[in-house]
Amino acid sequence: MKTDAIIIGAELDGLVAAARLQECGYATRIFAGGGSSLHYSPGGVHVLGYTETGNEAFVTDPLKSIGRLPETHPYRKIGADRVRNALAWFAEQARRLQQSVTMNGTNEFGLSSIGLPVPVLGTGAGQATIAKLKEHTVAIVRFTGHRDFAADPIRAELDRLGIDASIVEIAPPGPIPENAAMARALDGGGTAQVYFETVKKKMPRDAGIILFPAVLGLFDHKAVLAAANTVFGLPCLEAPTLPPSIPGMRMDHALQSHLKIAGAILHQGTRVGGVIGDDGEVTVHDGGGRRYAADTVILATGGVLMGGLVVDSHGVVHDTTFGFETFQSDPLAAVSVDHSLAALHDAGIETDGELRPVANGSGTLRNVFVTGRSLAHWNPATECSADGVSIATGWHAAENARLYLEERRHG
């Protein structure tokens with residue numbers, strides 16, 4: 001069974017790469033070993049919030065700040081212009097999928113799941129930012145029994161910023177006060193409107209904005225948000241919850257549904273290994289012994305958290321799929337937790353500027369590309385860059401794979 005491209009991993013970068021290749025007319029087969037880390041994403045597109053230049057430095061314009069990063073950083077390998085093109089492409093795709101993302105030009109502060117301000121470049125429809133909340137009295141909704149929303153820390157942070165906020169406790173939509181259950185309870189028909197009408201009187205009369213946990217619909221978010229704005233007659237915004245993240249699940253579902261409709265073949269819950277032949281052809285195999293070949297492969301398996309990388313008993317990081325050469329600044333040890341965490345985040349697969357990995361010390365593979373958290377030389381935790389690097393590397397890998405496939409077709 002041979003296809004144009006195999007994408008190993010259904011992280012954001014893998015889904016972006018698959019969508020771009022399908023758009024260009026190439027058949028893709030995607031292997032998803034487990035759930036996507038999008039389910040942990042707070043929503044929005046975090047491109048570059050901080051650079052590490054001896055001291056943490058806040059970034060106002062992420063694209064202009066790419067030149068301040070080390071040459072080995074994925075953004076530097078891709079280049080600011082290609083990063084810009086990738087983000088513009090993603091925003092347009094999101095719009096088509098009813099997952100509107102507005103690229104704001106410069107970073108603004110959103111909220112983390114525990115109320116801390118987080119630099120974000122692209123914001124979703126209804127996503128709360130400090131700028132949107134300023135100069136308003138904010139009613140923060142807390143659903144009775146809902147343990148995954150940090151209403152008190154969010155109110156404390158808004159108070160620190162001089163924003164008047166109060167917490168309003170109301171009954172949850174549906175019988176189960178959990179993120180996904182409440183989001184689904186609001187989906188469909190006039191369910192949301194009826195619910196909002198029942199709790200409308202609970203809102204303070206002086207409220208200028210209502211801030212909900214980010215559970216306003218899973219599949220019908222646009223309609224649920226519109227119903228809230230209409231019933232309350234006020235702007236209704238969402239703040240992140242603890243995982244699972246409903247905004248991340250919305251994007252994950254939208255991208256996967258789009259890929260299936262476009263003809264991509266998606267294998268869920270399937271972990272694969274890979275073999276590279278002497279002729280450079282890549283074959284992957286699943287646990288059932290089935291083998292799949294492709295002209296090009298994109299490795300989007302994620303880091304240690306998602307199982308794309310593994311740490312052995314000596315503190316050394318390895319690629320779990322092909323055994324590609326990896327980089328890490330130091331062995332991982334329990335002596336210094338902070339030091340080891342920094343080394344772990346920076347670890348990953350070594351690639352050239354086209355994101356092609358080094359294999360067996362004999363140079364890079366022409367038809368294999370690596371993306372996202374599988375890559376070395378970047379730290380999403382300190383940079384606040386996870387979404388941006390995933391989108392940019394996924395798009396860049398797809399473009400390079402496309403060029404390789406065109407060369408094979410016409411060569």
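Figure 1. Strand β2 (residues 28–32) is mostly covered, with 5 of its 5 residues buried. The model shown here and in the other views is a predicted one. Thr28, Ile30 and Ala32 point one way from β2, while Arg29 and Phe31 point the other way; all of these residues are buried. β2 pairs with strand β1 (residues 2–8) in the parallel sense, over 4 bridges. Isoleucine 30 of β2 is the bridge partner of isoleucine 7.

**Figure 2. Packing of helix α1 against helix α10.** Helix α1 (residues 12–23) packs with helix α10 (residues 246–262) at an angle of about 30°, and the two axes lie 10 Å apart. Angles under 35 degrees count as roughly parallel, and α1 and α10 are therefore roughly parallel to each other. The crossing in which α1 passes α10 is left-handed. On the α1 side, the contact is made by Leu12, Leu15, Ala18, Ala19 and Gln22. On the α10 side, Asp252, Leu255, Gln256, His258, Leu259 and Ala262 take part. By residue class, the contact of α1 with α10 divides into 7 nonpolar, 3 polar and 1 charged.

Figure 3. Between leucine 259 and alanine 18 the C-alpha to C-alpha distance is 7.4 Å, although they are 241 residues apart in sequence.

**Figure 4. Packing of helix α1 against helix α4.** Helix α4 (residues 80–96) packs with α1 at an angle of about 85°, with the axes 12 Å apart. Angles of 65 to 115 degrees count as roughly perpendicular, and α1 and α4 are therefore roughly perpendicular to each other. Leu12, Val16, Ala19, Arg20 and Glu23 of α1 meet Trp89, Phe90, Gln93 and Arg96 of α4. The residues of this contact divide into 5 nonpolar, 1 polar and 3 charged.

**Figure 5. The open sheet β8-β7-β9-β10.** In this open sheet, 4 strands are arranged in the order β8-β7-β9-β10, and the pairing is parallel. β8 (165–170) and β10 (236–239) stand at the edges and each has a single partner strand, so one side of each is left without a neighbour in the sheet. From one strand to the next, the twist averages 30°. Strand β7 (residues 138–143) pairs with β9 in the parallel sense over 3 bridges. Valine 138 stands opposite isoleucine 209 in β9.

Figure 6. β9 is mostly covered, 5 of its 5 residues being buried. Strand β9 (residues 209–213) is joined to β10 by 4 bridges, and the two run parallel. Isoleucine 210 has cysteine 236 of β10 as its bridge partner, and phenylalanine 212 stands opposite glutamate 238 in β10. Helix α9 (residues 221–232) packs on the sheet and touches β9 and β10. The direction of α9 makes about 130° with that of β10.

**Figure 7. Serine 112 in the loop between β5 and β6.** Serine 112 is found in the loop that lies between β5 (101–111) and β6 (117–124). With a relative accessible area of 14%, serine 112 is buried. Apart from neighbours within four places in sequence, serine 112 is in contact with Val118 and Pro240.

**Figure 8. Valine 311 in strand β15.** Valine 311 has its place in strand β15 (residues 309–311). Its relative accessible area is 31%, so valine 311 is partly exposed. Leaving aside neighbours within four places in sequence, valine 311 is in contact with Val304, Val316, Val317, Leu332 and Leu344. Glycine 273 is 38 residues from valine 311 along the chain, and their C-alpha atoms are separated by 17 Å.

Conventions. Residues are numbered from 1 along each chain as its sequence is written. This is a predicted model: local features need pLDDT of at least 70, side-chain atom pairs count only at pLDDT 80 or more; totals for chains, interfaces and linings use all residues. Side-chain values use heavy atoms; hydrogens and water are left out. Two strands pair if DSSP finds at least two bridges between them. Axes are lines fitted to C-alpha atoms, for helices over the stretch in contact, and angles run from 0 to 180 degrees between N-to-C directions. Contact means heavy atoms within 4.5 Å. Angles under 35 degrees count as roughly parallel, over 145 as roughly antiparallel, 65 to 115 as roughly perpendicular and the rest as oblique. A crossing is left-handed if the near helix is turned anticlockwise from the far one by less than a right angle, and right-handed if clockwise. Ala, Val, Leu, Ile, Met, Phe, Trp, Tyr, Cys and Pro count as nonpolar, Asp, Glu, Lys and Arg as charged, and the others, Gly among them, as polar. Buried means under 20% relative accessible area, exposed over 50%, partly exposed in between (1.4 Å probe, protein chains only).
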